Amino acid sequence: MRKKIVLITGGAGFIGSHLCDKFIREGFMVIAMDNFITGKAQNLAHLHKEKYFRFNEHNVTKYIQIKGKVDYVLHFASPASPEDYLKIPIQTLKVGSLGTHNCLGLAKKKKCRVFLASTSEVYGDPLVHPQPESYWGNVNPVGFRGCYDEAKRFAEAITMAYHRIHKLDTRIVRIFNTYGPRMRINDGRVVPNFIFQAINNMPLTVYGNGKQTRSFCYISDLVEGIFRLVQAKIHTPVNLGNPREFTILQFAKLVLNLSNSESKIIYKALPIDDPKQREPNISVAKKILHWEPCVSLEKGLLKTIEWFRK
């Protein structure tokens, strides 16, 4: 029997590389694509010995050409941290627009299913809490974070247009804060920032008063949810994340405790347009995918801290 073939753009990234692992384990032929703007070659180094793994170095904002059959296109190429997309806003907008267009065009040509990695950032600084998929969001389109938020909102819009006009078989996931091994130390997001600072006995930087909230999903839970969604029958966006909510200050203290760090906490001004609340409503994922996170924050953080130490 022929192995199903999946193309994963952003395959050398944090989430993308874990997805490559998952699809290899599940018996797929995996083609990873990345141009290493934010991805890292070492995230895929262990897969090059695999018979059913191929890597294609390519920028998805350029025309994508894959020979032969493709069964699934998973579009995960994009900068995903404020540190990145504030430095390269134009590339961020292009990968969300041109990159998504190219992935949709490839899926149309290959007559295959296409899966878009969207984000909780489409909700902006939400006025509804927790955030269900039906919420339209509160986004500043011309703010500093607009390059990422609007790129993903456009990506969702064009994906749904291809679904309605060209009858393309589409899936959309809205990913909430995810963490785990293979995050970059200089990622700029709260998990690697705090862990790096804690294990080096540097002050932990909390922005604002630390009362803003986030929810944290461990990478293995997210990957399982994505794998189920790829195969599910739902075309509208689905939230995937952990609904257990923490303030940033609570999270900082937990990192200090689990890492046995003597670091202190310092406070700095809150970045512009930083969301005050972030928690997913995952009732759709529970109903359709029979999925919910099972790795506790404490267990996931211990694994992540161990990986950062190494």
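1. Basis. This is a predicted model, in which local features need pLDDT of at least 70, side-chain atom pairs count only at pLDDT 80 or more, and totals for chains, interfaces and linings use all residues. Residues are numbered from 1 along each chain as its sequence is written, and side-chain values use heavy atoms, with hydrogens and water left out.

2. Helix 3 and helix 4. Helices here are DSSP runs (H or I, at least four residues), numbered from the N terminus. Axes are lines fitted to C-alpha atoms over the stretch in contact, and angles run from 0 to 180 degrees between N-to-C directions. The crossing is right-handed (the near helix is turned clockwise from the far one by less than a right angle).

3. Their contact. Contact means heavy atoms within 4.5 Å. By class, the contact has ten nonpolar, eight polar and one charged (Ala, Val, Leu, Ile, Met, Phe, Trp, Tyr, Cys and Pro count as nonpolar, Asp, Glu, Lys and Arg as charged, the others, Gly among them, as polar).

4. T159. This residue sits in helix 4. T159 is buried, at 2% relative accessible area (buried means under 20%, exposed over 50%, partly exposed in between, with a 1.4 Å probe and protein chains only). Beyond neighbours within four places in sequence, T159 contacts T100, L104, L116, T170 and I172.

5. Helix 5 and helix 7. The axes of helix 5 (residues 190-199) and helix 7 (residues 248-258) come within 10 Å and cross at roughly 40 degrees. The pair is therefore oblique. This crossing, too, is right-handed. V190, V191, F194, I195 and A198 of helix 5 meet I248, F251, A252, V255 and L256 of helix 7. The contact has ten nonpolar, no polar and no charged residues.

6. Cores. The largest nonpolar core has 62 residues, and F23, L74, I226 and L301 have the most contacts inside it. A nonpolar core is a set of buried Ala, Val, Leu, Ile, Met, Phe, Trp, Tyr and Cys residues joined through side-chain atoms within 4.5 Å. Apart from it lies another core of 21 residues, among them V73, A77, A107 and C112.

Notes:
Helix = DSSP H or I, 4+ residues; strand = E, 2+ residues; numbered from the N terminus. Parallel < 35°, antiparallel > 145°, perpendicular 65-115°, else oblique.
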